[in-house]
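Good morning, everyone. I have a few minutes and one structure to walk you through. Please have a look at it first.

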Amino acid sequence: MRTTADQSRHPNLWPPFTQIESAPLPQRVIAGDGALLLREQGIPLIDAISSWWVTLHGHGHPVMAKAIADQAARLEQVIFADFTHEPAERLGERLSKLTGLDRLFFSDNGSTAVEVALKIACQWWVNRGEPRHQIVAFDGAYHGDTFGAMAVGERNLFSEPFDDKLFPVARCPWPATWWDDPDVDTREQAALAVLETTLQQPTAAVILEPLLQGAGGMAMVRCTFLKQVETLVRQAGALLIADEVLTGFGRCGDWFACHRAGIQPDLMALSKGLTGGCLPMGVTMASERVFSAFVGADPSLTLWHGHSFTANPLGCAAANASLDLLQQDPEQFRGFEARHRPHLEQLQAHPKVTRCRLTGTVAAFDLNVSGDAGYLNPAGPTIKRITLEHGVFLRPLGQVVYLLPPLCISDDQLGQCYKAIATALNQI
C-alpha cells in the first residue's frame with residue numbers, strides 16, 4: 001500500500017476518461033462530509049459537481065448511511081428472477097407514482113438503464129408483429145458507454161474505435177439555447193422540421209435527454225421545444241424515451257425534467273441520483289401499455305435481459321432513503337435555481353464568459369477562448385487546476401464550465417465556488 005508521502009500513480013488502477021500519460025496524479029480522498037471532500041493532503045474541497053452528478057444529498061449523510069447499514073443486516077442480495085423483497089416493491093410503487101409509468105425494470109447504472117430502454121422499445125414492435133428499425137437521437141447526445149448507448153450518442157472521440165460495430169441511428173439537431181439568445185426560435189423550427197421529415201420513416205423510438213444534454217456540454221433547450229417534439233413523436237406512432245439519468249430527482253428544478261417540460265414519455269431511464277449517489281443502480285420505467293406486449297404464453301415475448309445485482313436490496317434501501325429526504329424538503333431542488341441566478345448574472349459580465357444558462361441545480365457557461373469547441377479544449381483543465389487551488393473541485397467539459405453541486409451545499413460554499421471561478425477566469 002502506498003504511504004502518504006508516495007505521490008506515484010497506483011500501479012493496479014485504471015481510471016475512467018483519463019490519459020495516464022498526461023493526466024495529473026489523482027488525489028487520495030479519505031472521507032466526505034456534506035458538500036466537502038476531505039483529502040489525505042491539502043485543504044477540503046467543495047465537490048461542486050456532485051462527484052460526476054451522483055451525490056444528491058452530500059457525502060456521509062447519516063440517513064443514507066443508516067438505511068444501507070440496516071438493510072445490510074437484514075438482506076444484502078437475492079436473485080430477483082425468483083424472489084422479491086420489500087425495498088424493491090416500495091421503490092417500484094413510489095417511482096411509478098412519481099413518473100406516471102407503471103413498470104420498473106432494474107439494472108446497474110445509467111448506460112444499462114438506457115440499453116434496457118432501447119431493447120424494450122425495439123422488441124415492443126417485434127412483439128406486436130410490426131417490427132420497426134429506425135431509432136432517432138439528437139446531435140450532441142450522450143447516453144452512456146455500452147454499445148447500444150454509444151450508438152444513440154454523438155459519434156466522437158469516445159466512440160470512434162467502435163463506430164463500425166454500432167447500429168445506425170437517425171440524427172436531428174438539438175437547438176441548445178442560453179440567456180439572451182436571439183435565434184432560438186429559428187433553430188427550434190429548423191430542428192422540428194428535420195424531426196418531422198425523419199419520422200416519415202417508420203420509427204421504433206425517439207430518445208432524448210429532457211431539458212439538458214449533460215456530457216454534451218450542458219446544452220439546454222426550452223420546454224416548449226420538447227412539447228413540440230412529443231407531439232411529432234405521437235403523430236408518428238413512435239415511442240418516446242427520456243434519458244433522465246442526469247436530469248432526474250430534482251436536478252432540473254422539478255422531480256423530473258419531463259415534469260418541468262410537461263411531457264410524458266413511454267420509457268424513462270434513471271440512475272445517478274437514484275440512490276443519492278451511495279450505490280450503483282439503474283432503473284428503466286415503462287408504461288403499462290409497453291409492458292403488456294411482453295406478457296403472454298409465447299416465450300418469445302419475454303424480455304430476456306437481466307443483471308446479477310438486479311434490484312439489489314442495499315441499492316433499493318438507499319433509493320428509498322433518498323426519496324424520503326427529497327419528499328421531506330422538495331424546496332431543496334425547487335428553489336436551487338434562485339440560489340444560482342445572482343452569482344451567474346454577475347459572472348455574465350466577465351469578458352471570458354459567454355452563453356450563460358441555468359436549469360434547476362445546473363448552471364453553465366461557455367468560455368470565450370480560442371481553440372476548438374469540445375471536450376479537448378485546453379481551457380477546461382486550466383480552470384480545473386486554478387479552482388482546485390482555491391478549494392473547489394470542478395471538471396469542465398472542454399470550454400464549458402458548469403456547477404452541479406449537491407443539494408446540501410451552503411450559501412457560503414456556493415459563493416466560494418463562484419469566487420474561485422472568477423479568480424480562474426482572471427488568470428486564463
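Start with Arg355. It lies over the face of Trp178, at 4.0 Å from the ring centre. Keep in mind that this is a predicted model. There is another contact of this kind. The charged end of Arg103 sits over the ring of Phe291. Here the distance to the ring centre is 3.8 Å.

Now, rings with rings. How many aromatic pairs does the structure hold? The count is 11. Let me take two of them.

Pair one is Phe138 with Trp174. Their ring centres are 5.3 Å apart. Their planes stand at 70 degrees, and over 60 counts as edge-to-face, so this pair is edge-to-face. Where do the two partners sit? Phe138 is in strand E5, residues 134-138. Trp174 is in the loop between strand E6 (170-172) and helix H6 (184-198). The two parts are 36 residues apart in sequence, so the pair ties them together.

Are these two buried or exposed? The cut-off for buried is under 20% relative accessible area. Phe138 has 1% relative accessibility, so Phe138 is buried. Trp174 has 10%, so Trp174 is buried as well.

Pair two is Phe147 with Phe162. This pair is edge-to-face too, with 70 degrees between the planes. Centre to centre, the distance is 5.7 Å. Phe147 belongs to helix H5, and Phe162 to the loop between H5 and E6. They are 15 residues apart, and the pair links distant parts of the chain. Now check the accessibility. Phe147 comes in at 43%, which means partly exposed. Phe162 has a relative accessible area of 30%, so Phe162 is also partly exposed.

Rings can also form a group. Phe17, Trp52 and Phe158 are linked into a cluster by ring pairs.

The largest pocket contains about 1800 Å³ of space. It is lined by 43 residues, and the closest to its centre are Pro16, Phe17, Thr18, Lys384 and Arg395. Which one gives the most? That is H13, with 6 residues.

And what kinds of residue line the pocket? By class, there are 26 nonpolar, 9 polar and 8 charged residues.

That's my tour. Thank you.

Notes
Residues numbered from 1 in each chain as written. Predicted model: local features only at pLDDT ≥ 70, side-chain atom pairs only at ≥ 80, totals over all residues. Heavy atoms only, no water. 1 Å grid on protein atoms, 1.4 Å probe; cavity = no way out; pocket = protein on both sides within 12 Å on 5 of 7 lines; lining within 4 Å. Points joined across faces, edges and corners; volume = space filled by probe spheres on them. Helix = DSSP H or I, 4+ residues; strand = E, 2+ residues; numbered from the N terminus. Nonpolar A, V, L, I, M, F, W, Y, C, P; charged D, E, K, R; others polar. Phe/Tyr/Trp six-rings, centres within 6.5 Å; stacked < 30°, edge-to-face > 60°. Buried < 20%, exposed > 50% of the residue type's maximum accessible area, 1.4 Å probe, protein only. Lys NZ or Arg CZ within 6 Å of the ring centre and 35° of its normal.
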